[in-house]
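Have the structure open as you read.

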Amino acid sequence: MEKIKHWGLSLVRWRHFPMLVVMLGIVALHLAAIPRPDTPLFDELHYVPDGRRILTGEGSIRNEHPPLARLIIASGMALFGDNPWGWRLPAVILSSVSLIALYDICRRLGTSQRTALIAVLLLGTDNLMFIHSGIAMLDIYEVVFAMFAFWFYLRGTKWWWAAAVMVGLAGLCKFNGVLAIIPIGLHWLFIGYKQNMGAPPDAEDDAPDPTISDAPAVPQTLMTEAAVPVMVEDSIPATAAQAAYMEQSPAAEAIPDAIVVPVLEEMTTKPKLTFWQTYSRPMIFLGSMLLAPLAFFLFYGIFEMIIRQEYVPYVVWGQWDQGIVGLIRNALSSTSSIKFPDDPATYTGAFVSKPWEWVLSPTGSLYFYQWLFDPNFDPNRNVLLPYWYTPAYSGIQNPSMWLAGLVVIPLALWKTFKKHSAWTFVICWIIGTWAIWIPLFLATNRITYMFYYLPTIGAVAIGAALIITGMLKKAEAKSGFGKHALMLGIASLLLFHLLCFCVISPLQLWVSIPICTALLIFMLAQLKFGWQFLFRFTASAVVAALVMRFVLYEWFRSFLVSRDAPWGHPEVSMLWTVSAIVGMIITWGLYLLMQRLMRDNRTLRAEEDLATMMSDS
């Protein structure tokens, strides 16, 4: 029994324990979603039958895409059966592991543990990411291997070869996956790769985990507690700040000047670096990145041989349109030939959208706004991509993540020009996986969909987490009303995000609400908001939710939704928006009322204690 208690206490004290709890919550949500529906949905109608053909040795008929993701789906069916668990569990497992990679990506970019934790929570509970992480489609596997590529790149020079191989594997899931090499190349080019990413942690964040820092070593006698704020001091010149610390530090008396002066000079001087010093091992980097196309072509042949159960030559001598090269050419030509329709309203396929619409519209299409300006707008028209209706699988981000993207993209540009930091990688990630689609679309007019934005949501999650952590840092520096206002704002943002997930996701509310409530309370506890804040905020939010659901919701619905509009209709979105705003206002009002009452009670008790002391004296 004592050993069990000791093991349990050690687990709770484990520095990655918060990440484990958040991951278990997200995995629980996925496991609840897997069985519904029990028939293939959306593009599963293509890939599940194709997986059956691969398992029976008939080969594949979906040759317009590379083979790896199709093989993974077929492998899941072989391991777990030809049922929803076999179709979807591989996506759940790999996407969950990729969230762990995202956590470590944040840490290696110099962010704090709480920033990494928030980023994982935001990405794991975004509706678009959640849906694709639990269905048998190709896109999530592309995202997973791209995430692994970024993780290996940030691990250091010795792992660049693995990053390149992961880029190749991402491309083998879907051709778009090769775009993962762009963020890596841009980041290396912008900052000149160093083990610590060429920059100290953001001033808005905590110090990074020392186990992943490769900053120049400093003698142990200099590394005292007070040295940390000196290293990130912005308002005082480095030499003056360090000299002031050395004068105040008791340890300074024990350090001879012959040691202190060279160390301070090494820490403060910034010599002009040559190309070879700025770009760490450029030949190794470029050579490693060449492994990406090599891995792509090599494994393409191997995977096709597994599917076809026969050797397929890369090129039939003298005939470039045959063999593996011919398969790739035919696949690329078949997908690029699908052009964007002149009138998307007449298009009979899946709901199409343009790259800039993924950011500018909550549904991924500017047709969402047409109802504001077009009096002839069809009142029954759906303006989002439906995957399934019961339960409702909708190809839409959480509105919280959509709004975050509108802020994160311009802010990442500004932060990148201001200084090198985690924001630099965020903007490189966004450019390589989203912005690149704009010129590609304009040049080819190739049809695109909202879920093509899926590889970019991880960058938006990191940016949103950095913003929230910056707000938290400011709250810690304040007191009184300003502190409570910032804390209330942070808690409300997390609540809004999780509430959006509960409403939009295909999960039943009796499953999603308890798990998301537990995740919210745990996250606020990890952010050290205190049990009094947790009690007041949670109680206020619960009361506000009950009021909205059983008192105000039907009245708002009758006022805002004039007809039986479908799920994706803007009127329904307006209903949810107004409900969320009013619910937040009620939450804030109840919280401030409880805060005032508790403060009055404390004041009354203090006055009574003072009166008792006076009477006793």
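## Two helix pairs

H24 and H25 run roughly antiparallel to each other, because their angle of roughly 160° is over 145. Keep in mind that this is a predicted model. The crossing of H24 with H25 is right-handed.

Which residues bring these helices together? On the H24 side they are Ala491, Leu494, Leu495, Leu498, Phe501 and Cys502, and they meet Leu509, Ser512, Ile513, Cys516, Leu520, Met523 and Leu524 of H25. By class, the contact of H24 with H25 has 12 nonpolar residues, 1 polar residue and no charged ones.

Now turn to the pair formed by H6 and H23. From H6, the contact takes in Arg114, Thr115, Ile118, Ala119, Leu122 and Leu123. Their partners in H23 include Ile457, Gly458, Ala461, Ile462, Ala464 and Ala465, and also Leu466, Ile468, Thr469, Leu472, Lys473 and Glu476. The contact of H6 with H23 divides into 12 nonpolar, 3 polar and 3 charged residues.

Two packed helices are described by the angle between their axes and the distance between the axes. Here are those values for each pair:

| Helix pair | Residues | Angle | Axis distance |
|---|---|---|---|
| H24 and H25 | 481–504 and 509–526 | roughly 160° | within 10 Å |

Technical notes:
Residues numbered from 1 in each chain as written. Predicted model: local features only at pLDDT ≥ 70, side-chain atom pairs only at ≥ 80, totals over all residues. Heavy atoms only, no water. Contact = heavy atoms within 4.5 Å. Helix = DSSP H or I, 4+ residues; strand = E, 2+ residues; numbered from the N terminus. Nonpolar A, V, L, I, M, F, W, Y, C, P; charged D, E, K, R; others polar. Axes fitted to C-alpha atoms, helices over the stretch in contact; angles between N-to-C directions. Parallel < 35°, antiparallel > 145°, perpendicular 65-115°, else oblique. Left-handed = near helix turned anticlockwise from the far one by under 90°.
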